Every structure is written in structure tokens, then in C-alpha cells.
Amino acid sequence: MEVSVNNTRLNDFLALSRRHPWHLEPFTETLPDGTRAEVWDTGVICLEPALPAQRDLVISCGIHGNETAPIELCERLLQQLVSGRLRCRQRLLLIFGHPAAMNAGVRELKENLNRLFSGAHARGGVESQERQRAAALEGYVTRFFDAREDGERLHYDLHTAIRPSLHEKFVVHPFTHGAPYSSSQLGLLQAAGINTILLSQAPTTTFSYFSARRFGAQAFTIELGKVMPFGQNDLGRLTALEQCLTALISTPGWQPPAPDLARLEVFDVCQEIVKQSENFRLNFSKDVSNFTTFEAGTLLATDGERRWCAQSDGEAVVFPNADVAPGQRAALMVTPVRLTTDQLA
Ligand SMILES: O=C(O)CCC(=O)N[C@@H](CCC(=O)O)C(=O)O
Ligand SMILES: [Zn+2]
């Protein structure tokens, strides 16, 4: 394995990854603060500080290739680390998920990468490069978290949404199987400017659920606004998040403020609408915003004889998308709830 000290290949790691969208030979460099920067594959870089503090942090972006704001944010963080402007004091695995889809300017090439985790890549007897990438990413996250037992495991999987959202930034909290929600993580999300939380009520095959379930990580899918092409994002809207990530990476012992539950908008996922066939139709305009509400009984979607209706007043739609493949989620329906302190740990 090649070792160099002048960081020449890391200065533009994203561009390097995009030139090698499916595989990059591993190499190692040393950052100005002495941190070992190990490139494990295209888009995958593990930072190992000499004296790591207690958090093991995974930050992923670009799992969907056209969700560019998180990619630009992560690129900026990496450039600060590589130049020495930001010190790395925590173990950090930074993942640019899908360089090939970034090059094509699309969400996915053949399959939705974010439906292929927790072993889904191996089910169904289908071959695709996205399945290989999901298996590889699972392996890298496993290698990272398995390297030590006692770290505080965190995974922030950063996305942007296809449609505008009445709540611009929000989190999909993976199903906890009854475990309490982390007060400290809710505080961190609020400090990062994210006050809206969707609580999943079932296992999924997303990247964040994989890290939560397999490694007990505090893991979230974090939605950061609307999809825009590269170069057209206002990263100023992500300043609070950038400051929190910077504090996590560079300041051992940094603790976010306590959450303000009164300001938190929490929703339970109450229905998952799954497209059954090419007859699937959403019964509302293509351009409704995320969190648009419906009255109880409103017809939301049909697929042949199958009908989905709002089950209670105020039920809201998130991620409506009739263009997904049959068998995939075409919308989530969510309903407002209150989180109480006895649900937190
Ligand atoms: O805007 C959309 O329709 C999709 C945005 C997006 O990629 N969302 C994630 C959410 C993952 C989760 O439920 O945790 C996805 O669909 O993969
Ligand atoms: Zn996404």
C-alpha cells in the first residue's frame, strides 16, 4: 500500500472517485495533524487520528447520485481536514455513496441503492452494480465499527428530497424495536437546524437502518432540502449542520445542547404505500410538497383494485413518487405525535 505525506491525491478525492466510479485501489496518506487517511475504495475514506476520542462517526452522502448538497458539504469537510484547517479527533468514515450515479446526474442507475442494505442486495437473484456497491458499503461500515467495541457509534446518512418540503429539513429515524430515542441525538439534530423527526415503525433496507440495527449506532437518514444540480446549492442553509459536524469531528467531549421537545415536530410513520404494478396511481398532484395533509378518508393512491386512503385527519404525505419500481415504496404517510421524556434515554 502506497504512503505519501503531501496529500496530493486527497486534495480532490471526490473528483478522483468520480473518475473511478466503481473501484479505486486503496492507498494511505497522512494529514497535516498526523491523522492517517486510508482510502478503502472509490468514495470511501477512513480517518484514523493518532489518539481518537470516544466517537466513531460515519457520514455518508450521495447514496442517491443527484442529491448534491450533502455531497458538496462532505467535500468541503474533507477539504478542511486535508488542508489542516480542521483537526480530526474522532475516527471518521466518510462515504460518497454512488459516484457513477453522480456522474450521470441521476438518483440511481439500475436500482435504488438505499433499498439494498441489511442483505437485500443478496436477495432476489438479481445482479447489479448497485447491489455490489451496497454489499461493499456494508463491509466498510462493518470494518469501521468492528475496529473497536467501546466507541459511541454514529451514522448520519445525508440526503435531499425530490420535492419541496413544508418542513425543509427532517430526519427519518430508523425503527428502534422499542428502544428509547436518544435525547443527546435529538439535541444535536436541533442544534443542526433539524426540528422534524419521522419515527419509522418497521424495519427497512436503508443504509441508516443497517447501521442502527447491526451496530446499535445512532443512525439517521437526514433530509436537507430539495435536490439541486451540482453548484446550485446554497450551503449557507446547512451552516448549523456543518458546525455540529465540525464540532463532533474536532472537539472531543463536545456535547450538543439538551433537546427542546416543545419545538420538535414529531411524526409516526402510519402507512407505507408500496407500488404493486405499473397500474399504480397517486390521486393527488405530482407536485404536492412533502408534509401536505389530507382529511380522513381521502383517496391517496390506487393500484388496480387496491386503494389507499388517509386514515385520520391531518395525515401527511412524505416522499410521494409514482415512478418507483413495482415492489418499492411510493409514499410514506405520517401522523403528528408528541415525544415525551419517558421515551428518551
Ligand atoms: O424525495 C424523495 O422522494 C426521496 C428522498 C430520499 O432519498 N429519501 C430516503 C429516505 C430513506 C429512509 O426512509 O430512511 C430514501 O428514499 O431512500
Ligand atoms: Zn436520497
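How many residues does helix α2 have, and how far does α2 reach from its first C-alpha to its last? Let me start there. Helix α2, residues 68-83, has 16 residues and reaches 22 Å. That is close to the 22 Å expected at 1.5 Å a residue, where the expected span is 1.5 Å times one less than the number of residues.

Quick housekeeping. What you're looking at is a predicted model, where local features need pLDDT of at least 70, side-chain atom pairs count only at pLDDT 80 or more, and totals for chains, interfaces and linings use all residues. Residues are numbered from 1 along each chain as its sequence is written, while chains are lettered from A and ligands numbered from 1 in the order in which they are written. When I say helix or strand, I mean DSSP runs numbered from the N terminus: H or I with at least four residues for helices, E with at least two for strands.

Okay, back to α2. Its buried residues are T68, A69, P70, I71, L73, C74, L78, L81 and V82. Buried here means 20 or more other C-beta atoms within 10 Å of the residue's own, exposed means 12 or fewer, partly exposed is in between, and the C-beta atoms are placed from the backbone.

UniProt, in an unreviewed entry, places a "binding site" at H64, E67 and H159. Those three are spread over 96 residues of sequence, yet they cluster in space, with a largest C-alpha distance of 7.5 Å. UniProt positions are in the numbering used here, feature names are shortened, and annotations may be inferred rather than shown by experiment.

H64 counts as buried because it has 23 C-beta neighbours inside 10 Å. E67 is buried too, with 27 such neighbours inside 10 Å. What does each one touch? A contact means C-beta atoms, placed from the backbone, within 7 Å. Leaving out residues up to four places away in sequence, H64 touches H98, A101, R107, E108, N114 and H159. On the same terms, E67 touches G62, H159, T160 and V227.

Next, the residue the unreviewed UniProt entry annotates as "active site": E223. You'll find E223 in strand β10, residues 218-226. Is E223 buried or exposed? Buried, because there are 25 C-beta neighbours inside 10 Å. Apart from residues up to four places away in sequence, E223 touches H159, T160, A161, K169 and F170.

On to ligand 1. Around it are H64, N114, H159, A161, I162, R163, V172, T206, S208, T221, F319 and N321; the cut-off is a C-beta atom, placed from the backbone, within 6 Å. By class, that shell has four nonpolar, seven polar and one charged residues. The nonpolar class is Ala, Val, Leu, Ile, Met, Phe, Trp, Tyr, Cys and Pro, the charged class is Asp, Glu, Lys and Arg, and the others, Gly among them, are polar.

Zooming out to the domains. There's domain 1, 3-262, and domain 2, 270-339, with bounds from an automatic or database domain assignment. Their centres, taken over C-alpha atoms, are 28 Å apart. Across the boundary, 12 residues of domain 1 are in contact with 11 residues of domain 2. The domain 1 side of that has seven nonpolar, three polar and two charged residues.

UniProt's unreviewed entry also has an annotation, "domain: AstE/AspA barrel-sandwich hybrid", covering residues 263-336. That span is 0% helix and 49% strand, and its end C-alpha atoms lie 13 Å apart.

S118, in the loop between α3 (99-104) and α4, has a positive phi near 55 degrees although it's not a glycine. S118 is partly exposed, with 19 other C-beta atoms within 10 Å. F291 also has a positive phi, near 80 degrees, and isn't glycine either. F291 is in the loop between β12 (281-282) and β13 (292-294), and it counts as buried because it has 21 C-beta neighbours inside 10 Å.

Last one: Q129, in helix α4, residues 129-146. With 16 C-beta neighbours inside 10 Å, Q129 is partly exposed. Beyond its neighbours within four places in sequence, Q129 is in contact with W22, A100 and L109. Q129 and K110 are 19 residues apart in sequence and 8.0 Å apart in space, C-alpha to C-alpha.

Notes:
Two residues are in contact if their C-beta atoms, placed from the backbone, lie within 7 Å.
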